[in-house]
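Morning, everyone. I have one structure to walk through. Please look at it first, then we go piece by piece.

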Amino acid sequence: MEQQTPPQRRPGFRRGAGRGPRRMAVRPRILVGSVCAAVLAVALAAGFFSAAEGRTLTAAGGLSAASPAAGGGASASGGVEASAEASASASAPASKPAVGTVDAALDARIQAILDANSQYQIGVALMDVSSGADPAEVHEYGVRENFVAASTAKVLAAAAYYHLVETGAASLDDPLGAYTAGFQLREMVQQSDNDSWSLIMDAVGHSELTDYAASLGVDYDPETNTLTPAEMTRILAGVYSGKLLDADDTAQLLSYMQETNYETLIPAAVPDGITVFHKYGLLDDELHDAGILARDGTAYALVIYTKGQNLSDVPERTEVIHQLTQAVAGALF
């Protein structure tokens, strides 16, 4: 299922097919999304839509601003990198440096791709999240202003709920709808389920989520669901590094960001041996992917936000995302 809602305004949801009944605790301001069936049918025929994707939502609840888990950073990051290395059998060619850097040549390549596709609004953010890298350095290209984040913001909502669990304010075993909170987190991230997002957002709360995001240096309003590519990169970096959550929660959230229900964007364009943790977003004229690329101790957060005409140009923008991903992966791994 692919769901549509008016951009930047009242977020909505739609029930996921085949997942059984869900009892929704949704506030009146949440609007039910509608599907642009005719246009989506064309995209399906072109082979670019393999699964459903989530939309913007509203909710209310409670949460305090985040603080790094004590001791969680080093162990979480180490565990993630070890897992990525174990699953990546390929190594960098001997003719290339073991660890690449974001240099003028890569900057020029990314800019050339943006210039060749100037009919779209595209924002790219890139950050080295390898152990010991400077987490404050974000390389930005193209549009640096807010985009409607679509379902990429589900990573922020998930981190916020895990934070509630770690502070004792919630549990993964708490009932949410017809299932547990832990089940809803997995469905929200891995399957991009909107019912699950709505329930998690109800449990977290709007103002509390805004405060949590602010503690990460991110300006986020759930009512508009907007983020800049650089802000989304910081969220990913915080999750991957283990600075936001403890080791177990970090590993679990990242595991949900693998083998998702829509692997045709960043994951489809990386060479074998690179592990990808990501969350895509597709809403009206927005097509995004936000991920971590990792191999052999090297890891980069890559966020690509695009805004086009409507669903009709999703195939073309998918190709742009592939080109940008290939440029980054080719230069850095």
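Ground rules. This is a predicted model, with local features needing pLDDT of at least 70, side-chain atom pairs counted only at pLDDT 80 or more, and totals for chains, interfaces and linings using all residues. Residues are numbered from 1 along each chain as its sequence is written, and side-chain values use heavy atoms, with hydrogens and water left out.

The sheet. Helices (H or I, at least four residues) and strands (E, at least two) are DSSP runs, numbered from the N terminus. Two strands pair if DSSP finds at least two bridges between them. Here 5 strands make an open sheet, ordered 4-3-11-10-9, with antiparallel pairing. Strand 4 (139–142) and strand 9 (275–283) are at the edges; each has a single partner strand, so one side of each lacks a neighbour in the sheet. From one strand to the next, the twist averages 10°.

Now strand 3. Val 124 has Ile 304 of strand 11 as its bridge partner. Leu 126 has Leu 302, also in strand 11. Towards strand 4 there are 4 bridges, again antiparallel. There, Gly 123 stands opposite Gly 142.

Next, helix pairs. Axes are lines fitted to C-alpha atoms, for helices over the stretch in contact, and angles run from 0 to 180 degrees between N-to-C directions. Under 35 degrees counts as roughly parallel, over 145 as roughly antiparallel, 65 to 115 as roughly perpendicular, the rest as oblique.

First pair: helix 4 (residues 154–166) and helix 5 (residues 181–190). They pack at about 160°, axes 10 Å apart. That makes helix 4 roughly antiparallel to helix 5. Contact means heavy atoms within 4.5 Å. Helix 4 brings Lys 154, Ala 157, Ala 158, Tyr 161 and Tyr 162; helix 5 brings Ala 181, Leu 185, Met 188 and Val 189. By class, that is 8 nonpolar, no polar and 1 charged. Ala, Val, Leu, Ile, Met, Phe, Trp, Tyr, Cys and Pro count as nonpolar, Asp, Glu, Lys and Arg as charged, and the others, Gly among them, as polar.

Helix 3 uses residues including Ile 110 and Ile 113, and helix 11 uses residues including Leu 324 and Val 328. The tally is 10 nonpolar, 1 polar and 1 charged.

Finally, two residues. Thr 325 sits in helix 11, residues 314–332. Its relative accessibility is 0%, so Thr 325 counts as buried. Beyond four places in sequence, Thr 325 contacts Ile 266, Ala 269, Val 270, Leu 302 and Ile 304.

Val 102 is in the loop between helix 2 (72–87) and helix 3. Buried or exposed? Val 102 is buried, at 18%. Its contacts, skipping residues up to four places away, are Asp 107, Leu 126, His 139, Tyr 141, Tyr 300 and Leu 332.

Terms used:
Buried means under 20% relative accessible area, exposed over 50%, partly exposed in between (1.4 Å probe, protein chains only).
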